[in-house]
Amino acid sequence: MTRWFRDIVLSLLALAFCVGVAFPVPAFGAGRVEEERVEPIGLGTTLLVQLESQAADATLPAVQKAAKRAVQAAKHAAVKERALEWARQEGSETDYCLAVDVGAKRTIVMQRDGDDWKVVKYWICSTGAPDSPTLTGVYQVEGRGYSFGDYEGYTCYYYTQYWGLYLFHSIKYEPGTFDVQDGRLGEEVSEGCVRLSLENAKWIYDNIPWATRVIVYE
């Protein structure tokens, strides 16, 4: 093997190692690359083309994932900004304001920040099924309790009432237990209430004062 040819092969192997791309390597002195049956004189060009092609193929999914993440981040930022606009418009008698974006299936907790509001919690939630929709409107926290539903075949924990029978509460568990019966979030599955994870329902139960504004919108 001539020195220049060996240098080309070694350089390409080093480049492949850096980007994590694998390709068949011939034994030095062999007349052909068995997989591609390429004459040695063209090996450098062939390996470079293969390397560029494989690197592009490997990069494409990563680029697609990054683009998808960027789109999702923009959507969530828009949901948060809309909630802040509602809080600025409606205000609250306390230092907190709760918003439920029915379309986005998100519950947003905002806290007073000087003359403005800031988002402090942002959670996925489930809202009412098509035949029992979550009503939109402007309400306020007016009650709370530890659990309900035991005699109806399930238990939901840490409910916070904001209007009539409309509540924030946990997902459904088997009666009197913490064995999940229906853990769906991000869907239209409730009887009209806003379902949250146990942890998030408890956070509202523990931290949100009575008379806190609750804004529900599509």
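Tyr146, Tyr157, Tyr158, Tyr173, Phe178 and Tyr205 form one aromatic cluster in this predicted model. The structure holds 15 aromatic pairs. Tyr96 and Trp203 make an edge-to-face pair. This pair links distant parts of the chain: Tyr96 belongs to strand 1, Trp203 to helix 3 (residues 198-207), and 107 residues separate them. Tyr173 and Phe178, both members of the cluster, also pair edge-to-face. The table sets out the geometry of these two pairs.

| Aromatic pair | Centre to centre | Angle between planes |
|---|---|---|
| Tyr96 and Trp203 | 6.1 Å | 80° |
| Tyr173 and Phe178 | 5.7 Å | 70° |

Phe178 is partly exposed, at 46%. That value lies between the 20% and 50% limits, so Phe178 is neither buried nor exposed.

Two lysines sit over tyrosine rings. The charged end of Lys80 is placed over the ring of Tyr122, 4.8 Å from its centre. Lys172 lies over the face of Tyr154, and here the distance to the ring centre is 4.2 Å.

Tyr96 leads back to strand 1 (residues 96-101). Why is strand 1 largely enclosed by the rest of the structure? Because 6 of its 6 residues are buried. Both faces are covered. Tyr96, Leu98 and Val100 are buried on one side. Cys97, Ala99 and Asp101 are buried on the other.

Which strands pair with strand 1? One is strand 2 (residues 106-113), which runs antiparallel to strand 1 and is joined to it by 6 bridges. Tyr96 stands opposite Gln111 of strand 2. The two strands form a hairpin with 4 residues between them. In that turn, Lys105 has a positive phi of about 55°.

Now the whole chain. It has 3 helices and 13 strands. Of its 218 residues, 37% are buried. Among contacts between residues at least 6 apart in sequence, 58% join residues at least 24 apart. The accessible surface comes to about 12200 Å², and carbon and sulfur atoms account for 54% of it.

Key
Residues numbered from 1 in each chain as written. Predicted model: local features only at pLDDT ≥ 70, side-chain atom pairs only at ≥ 80, totals over all residues. Heavy atoms only, no water. Buried < 20%, exposed > 50% of the residue type's maximum accessible area, 1.4 Å probe, protein only. Contact = heavy atoms within 4.5 Å. Areas by Shrake-Rupley, 256 points an atom, 1.4 Å probe, with all protein chains shown as cover. Pairing = 2+ DSSP bridges. Phe/Tyr/Trp six-rings, centres within 6.5 Å; stacked < 30°, edge-to-face > 60°. Lys NZ or Arg CZ within 6 Å of the ring centre and 35° of its normal.
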